[in-house]
Amino acid sequence: MKKNRLAYVLIVIISVCLAHFSAGILAYASEIDILVSRLVEKGVLTAGEAQQVLNETKQEAKLQLAKGESESVPKWVQNIKVKGDLRTRYQWQKQETGTSAKANDRNRFRIRARIGMDAKVNDKVNVASGLATGGTDPRSTNQTLDNFFETPDIRLEYAYVLYVPFNQTVFSAGKIQNPLWRPSGLLWDSDIFPNGISMDLAWDIRPEFSTFLNTGFFVLDESSGYNADPVMWAVQPGFRWGLTEKLDIKGAFNYYGFNGLKGKAGENRSNPATNTTDTGGRYVYKYDSIGASAELGFKKPFDYNGFFENLAYMGIFGDFIYNSDPSNDRHGWLIGAKIGHAGVKEPGQWQGVYNFRKLQKDAWLDIFPDSDFYGGATDVKGHEIKFHYGLMKNVNFTAGYFHSERLSGGKRKENLFQADLVFKF
């Protein structure tokens, strides 16, 4: 009888709320509270039953809103999702000058603020755009706190349309998310959003085995005085194979092609410019390249009767790149390991990462690699160590240390330390 009475009261409450949609979200919540309070006063519900009704009604409202089926919220609001983050950073840097001058310590306090919007146009099309701090450098959204409280810039970080004609087939166009799987920052900085189009396909062959194909066509530059504007395309076939319940491997073959790049001046490149160029600053080589990426992952590798429960994941990963055009300085590779959790998403989760890399001078374009590692240069090698920890819900701490040096030109070394607090919303 009690369950039937509660169900009846819930129906009445929802019916009343449905009759007042135009009042908006705040009125919706307020009317529920008032109605339940009146029912308690009249003895229809006890205080405990009233709380149960409120909880169940709120859960139902959240579920409808998540599905985009809520009648109390305008449809356009339900079709838009907003997300963002704020990062505060302390950074210490010391780089040898290559001369008799003593290397200076550089201490910087930096922030990064990002906000993005994803809007559902229809069942197959979404559009997304985002704003972020930073300047013209495509590899950095950092804003150094300097110039006597100078107001920092806000720029368009990405803007693209996403089309999903059928399951596991995705097209995107605009200033897009990088469609390529990247286990490390050897070749690509995570802040880069390429300009162009992409197509991502996936096939589930068996429950434990799937394949994918990521492709992209990117516009690098445009000039009215240049006949062949530089562009690039990428093709990445790959697979994921669950060898056992605890062991899986993901791998991919990478091909990068360029057109209009050789003989083009790199005047718009961010520093440092480390590829081989002629006296006019024009690229001497092509950068058509082949490579491979892989990660071998172990779930709970040391779990034995509950011991080492927090060691949820251990992985070994690597990247390789080869440019056939130059006769020397044409290889790049990275090998690394991670332990803790596959990703830090909840409070108390953690992850430790280590890698060593070597990227020769003309193995890859110097406009793409991770800018935290020797400024994103090629002709470098060195170590990276990072530790991530979930402090509380949506708040993470990261500490990173980079020890790197040039492969030629005096082998100047650089040490870089970063401590970050990231707040997501």
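Me: What makes the residues Gly185, Leu186, Arg357, Leu359, Pro369, Asp370, Phe373, Ala377 and Val380 the lining of the second largest cavity?
Reply: On a 1 Å grid over the protein atoms alone, a cavity is a set of points where a 1.4 Å probe fits but cannot get out, and lining residues have an atom within 4 Å of a point. Gly185, Leu186, Arg357, Leu359, Pro369, Asp370, Phe373, Ala377 and Val380 therefore count as its lining. This is a predicted model, in which local features need pLDDT of at least 70 and side-chain atom pairs pLDDT 80 or more, while totals for chains, interfaces and linings use all residues. Residues are numbered from 1 along each chain as its sequence is written, and side-chain values use heavy atoms, without hydrogens and water.

Me: What is the volume of the second largest cavity?
Reply: About 40 Å³. A volume is the space filled by probe spheres set on the grid points, which are joined across faces, edges and corners. The search of the whole structure finds 2 cavities of 30 Å³ or more, and the largest cavity has about 60 Å³.

Me: How is the lining of the second largest cavity divided by class?
Reply: Into 6 nonpolar, 1 polar and 2 charged residues. Ala, Val, Leu, Ile, Met, Phe, Trp, Tyr, Cys and Pro count as nonpolar, Asp, Glu, Lys and Arg as charged, and the others, Gly among them, as polar.

How values were computed: On a 1 Å grid over the protein atoms alone, a cavity is a set of points where a 1.4 Å probe fits but cannot get out, and a pocket is an open set with protein on both sides within 12 Å along at least five of seven lines; lining residues have an atom within 4 Å of a point.
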